[in-house]
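Good morning, everyone. Please have a look at the sequence and the model on the screen. I'll take you through them step by step.

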Amino acid sequence: MATEANPYAMPSSSRTETVKNALSRWARRVGETTRKAEDLSRNTWQHLRTAPSIGEAAVGRIAQGTKVLAEGGHDRIFRQAFSAPPDEQLRKSYACYLSTSAGPVMGILYLSTARVAFCSDSPLSYEAGGGSREWSYYKVAIPLHRLRSASPSASKQRPAEKFIQLVSADRHEFWLMGFVNYDSAVKHLQEALSGFHHLQA
């Protein structure tokens with residue numbers, strides 16, 4: 001209780017409320033952090049399971065991380081892979097897979113101020129003319145003004161399997177899966193799409 005000797009002392013009931021409020025705030029933060037950690041753990045496990053082999057996926061992620069460090073970050077890799085002009089800014093990048101007729105392809109989804117793009121982590125082989133085999137990175141790039149929608153979805157049988165469907169203005173569909181940061185990817189793709197369409201209106 002405040003007295004002339006100590007004007008800063010608080011009554012004990014006020015101290016008790018302060019402690020209770022502090023513990024309550026702390027518990028909410030711990031709960032939120034726990035939820036985020038569980039989501040990250042679940043998404044990472046789903047990311048590894050999407051590959052033909054978990055070991056291959058883990059090694060692929062390590063190799064991609066090494067490449068990002070060696071080449072100076074995702075921004076430099078994006079600029080090299082897609083010949084991005086200086087005024088185009090990379091906003092976000094996400095480890096994921098692109099669904100193809102040959103199976104899921106591990107890579108990075110890039111979201112810039114001008115486009116949504118995917119590039120495989122490593123070159124893939126394909127049959128060239130004359131029966132020879134060639135190697136090339138698997139790339140997809142959709143300018144934001146040509147992106148019609150970015151829709152989240154999940155498997156009905158396995159709700160942990162989450163997807164993002166990208167549809168271009170000419171109705172080409174691209175399915176992305178196995179995101180390590182799924183919620184963030186959905187949020188930023190939809191924000192970019194709505195922001196770009198809002199500017200166009």
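This is a predicted model: local features need pLDDT of at least 70, side-chain atom pairs count only at pLDDT 80 or more; totals for chains, interfaces and linings use all residues.

Let's begin with one term. Buried means under 20% relative accessible area, exposed means over 50%, and partly exposed is in between. Keep those cut-offs in mind.

Now the overall layout. How many helices and strands does the protein have? There are 4 helices and 9 strands. Read from the N terminus, the order is α-α-α-β-β-β-β-β-β-β-β-β-α. The protein has 201 residues, and 34% of them count as buried.

Next, the strands. Strand 3 covers 115-120 and strand 6 covers 139-143. Strand 3 and strand 6 pair in the antiparallel sense, with 5 bridges. Look for V116 there. Facing V116 is I142 in strand 6. Strand 6 has two faces. V140 and I142 are on the covered face, while K139, A141 and P143 are on the uncovered one.

A second pair is strand 4, residues 124-127, with strand 5, residues 133-136. These two are antiparallel as well, over 4 bridges. Y126 is opposite E134 in strand 5. Strand 4 and strand 5 make a hairpin, with 5 residues between them. Find G130 in the turn. G130 has a positive phi of about 80°.

On to empty space. Rolling a probe the size of a water molecule over the atoms shows where such space is left. How many cavities of 30 Å³ or more does the structure hold? The count is 3. The largest cavity has about 50 Å³ of space.

Which residues line the largest cavity? They are L98, L109, V116, A117, F118, V140, I142, L166, F174 and L176. V116 and I142, the opposite pair, are both in the lining. V140 and I142, from the covered face of strand 6, are in the lining too.

Sort the lining by class. It has 10 nonpolar residues, no polar ones and no charged ones. Where do the residues come from? Strand 3, strand 6 and strand 9, which is 173-177, each supply at least two. Strand 3 gives the largest share, with 3 residues.

Now charges. Side chains of opposite charge can pair when their charged atoms come close. The salt bridge count here is 5. Are R115 and E88 buried or exposed? Both are buried.

Second, D170 and R146. In this salt bridge the closest N and O atoms are 3.9 Å apart. D170 is in the loop between strand 8 (162-168) and strand 9, and R146 is in the loop between strand 6 and strand 7 (147-154), so the pair ties together parts that are 24 residues apart in sequence. What about exposure? D170 has a relative accessible area of 43%, so it is partly exposed. R146 comes to 35%, so it is partly exposed too.

Third, back to R158. R158 forms a salt bridge with E161, and the closest N and O atoms are 3.2 Å apart. The two partners fall in separate classes. E161 counts as buried because its relative accessibility is 18%.

A160 is in the loop between strand 7 and strand 8. Its relative accessibility is 34%, so A160 counts as partly exposed. A160 and G178 are 18 residues apart in sequence, and their C-alpha atoms are 9.5 Å apart in space.

Last, the cysteines. How many disulfides are there? The count is 0. Two cysteines to look up are C96 and C119. C96 is at 0% relative accessibility, so it counts as buried. C119 is at 7%, so it counts as buried too.

That's my tour. Over to you for questions.

Technical notes: Residues are numbered from 1 along each chain as its sequence is written. Side-chain values use heavy atoms; hydrogens and water are left out. On a 1 Å grid over the protein atoms alone, a cavity is a set of points where a 1.4 Å probe fits but cannot get out, and a pocket is an open set with protein on both sides within 12 Å along at least five of seven lines; lining residues have an atom within 4 Å of a point. Grid points are joined across faces, edges and corners, and a volume is the space filled by probe spheres set on the points. Ala, Val, Leu, Ile, Met, Phe, Trp, Tyr, Cys and Pro count as nonpolar, Asp, Glu, Lys and Arg as charged, and the others, Gly among them, as polar. A salt bridge is a side-chain nitrogen of Lys or Arg within 4 Å of a carboxyl oxygen of Asp or Glu. Buried means under 20% relative accessible area, exposed over 50%, partly exposed in between (1.4 Å probe, protein chains only). A disulfide is a pair of cysteine sulfur atoms within 2.5 Å. Two strands pair if DSSP finds at least two bridges between them.
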